[in-house]
Amino acid sequence: MKKVPIATKSEAAALALIAIDRNILAQQTWEVDYFALPPHRKVFTALQGVHQRTGSCCPFSAIAELEATGEIEAAGGENEVHEILSTMKIASGKVCQDMADDYRKQLVRNKGYRDAIKAIEEEEPNIRIGKSDLKKLSETIMRCSEDRGVKIKPVKDIILEIIDEMEGKVANECFTTGMIKVDRALKGGMHKGEMMTVASETGGGKSIYLVQAALANLLDGKPVLFFSLEMKAKDILTRMACNLARYPIREPEDYKNANQVELKAISEALLRLHKLPIEIVDGVSQIEEIESHINRYTGENRADVIVVDYLQIISYDGSDSREGQISEIARRLKVSALKNNSIMLTASQLNDDGRLRESRAIGMHSDQVVYVEHFKTKSMLTIKKNRRGARNYTTEIIMRGEISKLEEVF
């Protein structure tokens, strides 16, 4: 290898920190190209692979991954890998994460130097004969200095994409909300990177809406990751089956001599759900755990649609006030949607004044806010916020709780 900037000790330290704290890969952007040395690249790929599948990583799982893929010798052998991953001795937590980010920035800077050297070397023949596009070379070198913790798309490319979409050359992928009129108001449905918050009073239909939206996307062939913080996975699947079959679940004895048509319809609905790309996580409550699962499933292309039911049940210890906690939870869910190029559907309770409970920031971070409200004579669905269309759009609905369905009145 030609002489280029390589921070050997920093690479080893970064790998050790990643193995200590699973949230480093979940919350920070790391790429294999940050590591210059081939053994370090192998170790990082192993850590990343384990994390995507399990949501965690440690030295032993990394070594097992390298052995399973036949890369252990290419990484320097078991003893060398263990020594690399033992470089740092520190407990997981914020200090560990901050140290990892500092090392990440150093590795990104060195990668930028390596990329700049490579660009100059590739263009050197043209420079020597006076045929180099120096402006283009300069732009390439400038991009080498960028820390692409978030992928930055050139404005020129974005403009061309907009023109192509306007001319109908490229189909803009939309995701249904499970409600025809809401999809129309959103100009076709939700777009990747967006977050919708469904709000209602307790028992007002938040979970029904989320289940219905998730089911509609499943029927469109979209993989769904559903976080159920209030109900078991079995309850979510039962609700989806009732919605699909349009019959309620009864007690077992009710099916012995009657209601056979209903039993058959619900059984067929469950068998249909068995074939659809859905994953349900019902054993987590911490925002860090949710982010870890999101990163894992989106990394495996198994979560175009993410559903989190619901905001007020999520735990976060990083703020003294509940308002600050809910604000940070909503922000991080929105960031997850953007970073992973997915759509996010979540829900919030309403307080006694009809406002989003515990934090106004929920509405600030959401692209769409939909209220499900019930009055004496009818129920209404109102789009209170809509970043891609008119707000305060209202339509009448009928809530059929027994089959977990919100029906639109046409």
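Visitor: In the hairpin of β7 and β8, which residue takes a positive phi?
Guide: This is a predicted model, where local features need pLDDT of at least 70, side-chain atom pairs count only at pLDDT 80 or more, and totals for chains, interfaces and linings use all residues. Residues are numbered from 1 along each chain as its sequence is written, and side-chain values use heavy atoms, with hydrogens and water left out. The hairpin has six residues between its strands. The residue with a positive phi, near 65°, is Asn392.

Visitor: How many bridges join β7 to strand β8?
Guide: Strands (E, at least two residues) and helices (H or I, at least four) are DSSP runs, numbered from the N terminus. Two strands pair if DSSP finds at least two bridges between them. β7 and β8 (residues 393–400) run antiparallel, and Leu381 has Thr395 as its bridge partner in β8. The number of bridges joining them is five.

Visitor: In β7, what is the bridge partner of Val372?
Guide: Strand β6 (residues 368–374) and β7 run antiparallel, joined by seven bridges. They form a hairpin with four residues between them. Val369 stands opposite Lys385. For Val372, the partner in β7 is Leu381.

Visitor: Which residue in β6 stands opposite Met196?
Guide: β1 and β6 run parallel, with four bridges between them. Met196 stands opposite Gln368.

Visitor: How many of the eight residues of strand β7 are buried?
Guide: Buried means under 20% relative accessible area, exposed over 50%, and partly exposed in between (1.4 Å probe, protein chains only). β6 is mostly covered, with five of its seven residues buried. β7 (residues 379–386) is mostly covered too, and its buried count is six.

Visitor: How far apart are the end C-alpha atoms of helix α14?
Guide: The expected span of a helix is 1.5 Å times one less than its number of residues. Helix α14 (residues 322–339) has 18 residues, so it should span 26 Å. The model agrees, as the end C-alpha atoms are apart by 25 Å.

Visitor: Just after α14, which residue takes a positive phi?
Guide: Among the buried residues of α14 are Ile326, Ile329 and Leu333. Just after the helix comes a positive phi of about 55°, taken by Asn341.
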